[in-house]
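These are my notebook entries on a single chain. I looked up its sheets, its helix packing and its overall accounting, and I record each in turn.

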Amino acid sequence: MIRLNDIISKILSYHPSAEVSLLEKAYVYSAKVHKGQVRLSGEPYLSHPLEVAGILTKMKMDEVTIAAGLLHDTVEDTLAEPSDIQNLFGEEVATIVDGVTKISKIHFLSREVQQAENIRKMIIAMATDIRVLIVKLADRLHNMQTLGFQPPEKQEMIARETLDIYAPLAGRLGIYWLKATLEDLSLFYLEPKVYDAIRIGVAERNEKQEKLIKEIKQTLTEKLKEAAIKATIKGRHKHFYSIYKKMMEQDLAIAQVYDVLGFRIIVNSVKECYEVLGLIHSMWKPVSGRFKDYISLPKDNMYQSLHTTVISPLGERMEFQIRTWDMDKIAEEGIAAHWRYKEGHEPRKGMQDQYAWMNQLLEWQSSLSNPVEFLDTVRTDLLSNEVYVFTPKGEVKALPRGATPIDFAYSIHSEIGNRCVGAKVNERIVRLDYQLKNGDIVQILTSKNSKPSKDWLKFVRTSTAKTRIRQWVKKEEQQDSIVIGRDILEKEFKKANVSISKHLRDEQLLEVAHRFSLKSVDNLLANIGYGKISAKQVLNQFLPQPSTQEDTSHGIVKKIVHRIKRKKEDSGIRVKGMSGMLIRFGKCCHALPGEPVIGFITRGRGVTIHAKNCRYLSNVDPDRLVEVEWEPSEELNYLAKLKVTNISKRGMLANISTILSQSDANIVNAELQTTVDKKGISTFTIEVTDYNQLKEIISKIKNIKEVLKVERI
């Protein structure tokens, strides 16, 4: 077991002015409150906080962090209170201990990849001081080193949690030696047979490769000496878990994993890094696609290095990492490196501030120009904008900062949100506008009779919640408007002595809805209720219309509408093989000369002429159909009715009437209206000589840019 004197000696070696009395005081207090407690190994419980403090000295942390390491389990595992820690050891130590305690209380039930990432983000967001994470990782490392004393099922659970949560956290903070150690320990407990196979395979290969490693280092040393570059060369083997990952990803046996051999070259300047890279590539053939420049483009945690893979003289792959001494400090210890004190210097004023480590980092990394941006990067991808909370089943939900129980409810399911009547956070009833905090456990209370409130829109944060609430409110308002619209329309119909009940049952009111570009009768009634359409407009559709031969138009319409010419007696059509037949034209289709037509014999009323595609003919007796044909005639005119739908724009009527005039079509009647959605609908009754003239007119009107549709009705 490590002793307090060892810890003090270590911290004084890199920080001679450290406040040793704080560590002594923390040790005495920890020994007092943990007295009588024993670990599963049989050792006194105090051995654990001492080992954690020892790991923190390996990271060269300050005395505040190491004191927190000695005290990190006091609040969770003894009768000590957070207020006791603050009164005795100050706010900084108390903040770190409190943060570690909160994280230790979280139970990770989900093993999904996305959930693991959310948990990692949540832990970082909970750590108001980055040193909380460093102490927690040191705590987890010692627990993993002594995991053999736990029962097998707990070994697997803790190892899985370490691999999913804590090893990636160490990597995010740039403490790669810690990440590798946690991964290898996790693999030992999760896949013991695979771990042994890799260990044996690497050991066997090491014996064969020792000579090669020695030769490579010797050759490289000579080349660097010729180039006048001072460098330190370290040979290394990949850690077991990285070999395991490659075996799984590429379905390889241990003997097939070739690039387990690596070298690290440490030089004095960035310029020399690139010079060394050139020398290596001139000596051995580089592997395509395996070069990474993390000096020009550092990782989020400020890791910097050049990576390249080459083929050795024996045909094996070798990986080289090239970096400066400062980069090596960052690569080895990550964020922890920035808490070091320079020998012989007192800590600067304000070092207690939670962002002080960033200022020291900026001294070493002069290339950074935006401190705020870097801070956000280290706190993992702007985590300050998110909050992470638990469902009662242990699932983590990521929500925007300021999110409320209503946002949480809608993130679970729309129905949960719609039926929400209250919420419990950490087993206590809270208001629905309560702002959730990291680590909260949220339970939503629902009722079948409850429904969303428009007032919720004032405080919800997520777009999902806002959209669902608006949809519900709109639906409710529409139902109210339908009732109001029906009432208004009934009163208007009653004034005109027209029975509305009859029309509500048939398709006539639906037809009227379509004229206003609405899909249903309910939509029509809702628009009346909203006041967008007047009941009088709808009533007018049911009242008798003036004759099409009467000039009842006004304004510009009056100027372009002329009276219909009197038709000749001759009908212009003949029934094949017959003469003297009474001929009349069906009002359902208004067939025109040139259009394919057919006759239908009606009892006592002669032959009615229909267009061959007329819908009326689909249900008639085929034995009563007769062939008919058009007789050439230049004197007769025929009525056709066109409906033009267009984007409402000034001058549209003039454009259409110009086309009709130029096409020698006489306008008999014109009806104009504008719909709720700002569309113009014009209905023209025109005189044409034949079907071809009508087709030409339709084609020309369709070519007007603003015209959406032209129909013959």
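**Entry 1: a hairpin.** I began with strand 6 and strand 7, which form a hairpin with five residues between them. In the turn, G394 has a positive phi of about 95°. I took helices (H or I, at least four residues) and strands (E, at least two) as DSSP runs, numbered from the N terminus. Two strands are said to pair if DSSP finds at least two bridges between them.

**Entry 2: basis of the values.** I note that this is a predicted model, in which local features need pLDDT of at least 70 and side-chain atom pairs count only at pLDDT 80 or more, while totals for chains, interfaces and linings use all residues. Residues are numbered from 1 along each chain as its sequence is written, and side-chain values use heavy atoms, with hydrogens and water left out.

**Entry 3: the chain as a whole.** I counted 27 helices and 20 strands in the chain. Of its 713 residues, 48% are buried, where buried means under 20% relative accessible area, exposed over 50% and partly exposed in between, with a 1.4 Å probe and protein chains only. The accessible surface comes to about 37,800 Å², and 49% of that belongs to carbon and sulfur atoms. These areas come from the Shrake-Rupley method with a 1.4 Å probe; for residues, only the protein chains shown count as cover. I also looked at contacts (heavy atoms within 4.5 Å). Among those between residues at least 6 apart in sequence, 66% join residues at least 24 apart.

Entry 4: I next examined an open sheet of three strands, ordered 9-8-10 with antiparallel pairing. Strand 9 (428-430) and strand 10 (442-446) are at the edges, each with a single partner strand, so one side of each has no neighbour in the sheet. The twist from one strand to the next averages 35°. For such angles, axes are lines fitted to C-alpha atoms, for helices over the stretch in contact, and angles run from 0 to 180 degrees between N-to-C directions. Strand 8 (residues 420-425) and strand 10 run antiparallel and are joined by five bridges; one residue I checked, V425, has V442 of strand 10 as its bridge partner. Helix 18 (residues 405-412) packs on this sheet and touches strand 8, strand 9 and strand 10, with its direction at about 80° to that of strand 10.

How many residues of strand 17 are buried? I found seven of the ten, so strand 17 is largely enclosed by the rest of the structure. Strand 17 (residues 638-647) pairs with strand 20 over five antiparallel bridges, and with strand 19 over ten bridges in the antiparallel sense. A640 stands opposite I686 of strand 19. Toward strand 20, L642 has R712 as its bridge partner, and K643 has E711.

**Entry 5: helix 7 and two partners.** The axes of helix 6 (residues 82-89) and helix 7 (residues 91-104) come within 7 Å and cross at roughly 150°. That makes helix 6 roughly antiparallel to helix 7; I used under 35 degrees for roughly parallel, over 145 for roughly antiparallel, 65 to 115 for roughly perpendicular and oblique for the rest. I85, Q86 and F89 of helix 6 make the contact with E91, V93, A94 and V97 of helix 7.

The axes of helix 7 and helix 9 (residues 131-145) come within 9 Å and cross at roughly 55°. The two are therefore oblique to each other. In this pair, E92, T95, I96, G99, V100, I103 and S104 of helix 7 meet R131, V132, L133, V135 and K136 of helix 9.
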